[in-house]
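Here is a friendly walk through one structure, piece by piece. Have a look at it first, then read on.

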Amino acid sequence: MKIDILSDLHFDNYFYGKYTKDDVISFYSQIIDFKNCGDVLVIAGDLGHNNHQNIKILKILKEFYKNIVCVLGNHDYYLVDKESISLFKNSLERVSNMRELINKQENIYCLDGDIIEIDGIKFGGCNSWYNDGFLQVNYPNAYFPRKSNNAMWQNCTPDSKFVFGIENFDDIFEIEKPKIERVYKECDVMITHINPSAKKEYLNAKYQNNQSSTFFCFDGEEYLKNGSMKYWIFGHNHDIIEYKEHNVMCICNPLGYYNESGNGQWIKIKQIEI
């Protein structure tokens with residue numbers, strides 16, 4: 001099986017106002033060779049801020065793939081305008097709606113602590129979230145009270161502003177952790193939005209000594225060590241990252257924002273065969 005990997009598509013960063021199906025296909029033709037694309041497209045979170053736009057573009061991409069398997073990212077929790085705030089009472093409701101819309105589509109799957117088997121390959125995953133793992137792993141002799149972590153979170157990331165219905169930086173991690181634990185011993189390909197290693201060497205060099213990197217990973221050492229997966233696909237970091245830990249190949253292949261991707265010209269799909 002050939003699997004195409006992409007994350008952090010941020011649809012509304014590229015498509016707004018009036019756009020057509022041909023516009024979407026033309027844009028992604030820069031990134032994906034549609035004549036030689038894989039059997040499965042894996043999207044490791046951050047579709048965009050509008051559920052209806054997200055599903056519209058996913059359906060266009062599905063025309064070129066037998067299956068699409070995705071999880072949702074932190075931006076998929078965001079309520080960024082009056083319309084979204086009026087539609088959903090909080091961010092968890094928006095995520096639930098997005099997942100429901102996706103799973104209604106034929107051969108498009110949004111994982112939430114479950115496994116989908118396609119041609120004998122088991123894909124497991126969930127949205128995931130960050131915790132204080134980066135601080136614990138890289139500063140073992142320091143003390144980081146939750147109050148100071150929350151203050152850093154509020155100053156360093158827009159998540160605290162646009163994710164409604166949580167109080168602490170790691171509240172969603174506590175929701176997502178049991179979902180990881182349900183599937184990590186049973187899948188061939190694991191998918192989360194967040195990097196499963198808190199080791200600084202598996203981040204972009206310019207962020208390795210930045211304490212705010214705790215909001216870009218979680219300490220998933222035990223899952224990498226004891227899991228059944230051969231690949232762990234993630235996003236969130238808008239940097240191409242590949243590393244091997246405990247014989248698991250971990251891959252982040254993000255599109256990111258238009259200024260980071262050269263409006264799509266600098267990014268290419270990552271394809272693996274399993």
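Which residues does Asn149 touch, not counting residues up to four places away in sequence? They are Asp132, Leu135, Phe144, Phe169 and Phe215, where contact means heavy atoms within 4.5 Å. Asn149 sits in helix H7 (residues 146-156), and with 2% relative accessibility it counts as buried. Buried here means under 20% relative accessible area, exposed over 50%, and partly exposed in between (1.4 Å probe, protein chains only).

A word on the ground rules. This is a predicted model, in which local features need pLDDT of at least 70 and side-chain atom pairs count only at pLDDT 80 or more, while totals for chains, interfaces and linings use all residues. Residues are numbered from 1 along each chain as its sequence is written, and side-chain values use heavy atoms, with hydrogens and water left out. Helices (H or I, at least four residues) and strands (E, at least two) are DSSP runs, numbered from the N terminus.

Now for the open sheet. Its 5 strands come in the order E4-E3-E2-E1-E11, with mixed pairing; two strands pair if DSSP finds at least two bridges between them. E4 and E11 (270-273) are the edge strands, each pairing on one side only. Strand E1 (residues 2-6) runs antiparallel to E11, joined by 4 bridges, and Ile5 has Lys270 as its bridge partner in E11.

Angles run from 0 to 180 degrees between N-to-C directions, with axes fitted to C-alpha atoms, for helices over the stretch in contact.

| Helix | Lies across | Angle |
|---|---|---|
| H3 | E2 (40-44), E3 and E4 | about 145° to E3 |
| H5 | E3 and E4 | about 155° to E4 |

Let's stay with H5. Ser91, Arg94, Val95, Met98, Arg99, Leu101 and Ile102 are its buried residues.

Elsewhere, strand E10 (residues 248-252) is mostly covered, with 4 of its 5 residues buried. E10 pairs with strand E8 (residues 231-234) in the parallel sense over 4 bridges, with Tyr231 opposite Met249. Strand E9 (residues 241-245) runs antiparallel to E10, over 5 bridges, and Tyr243 stands opposite Cys250. E9 and E10 make a hairpin with 2 residues between them, and His246 in the turn has a positive phi of about 55°.
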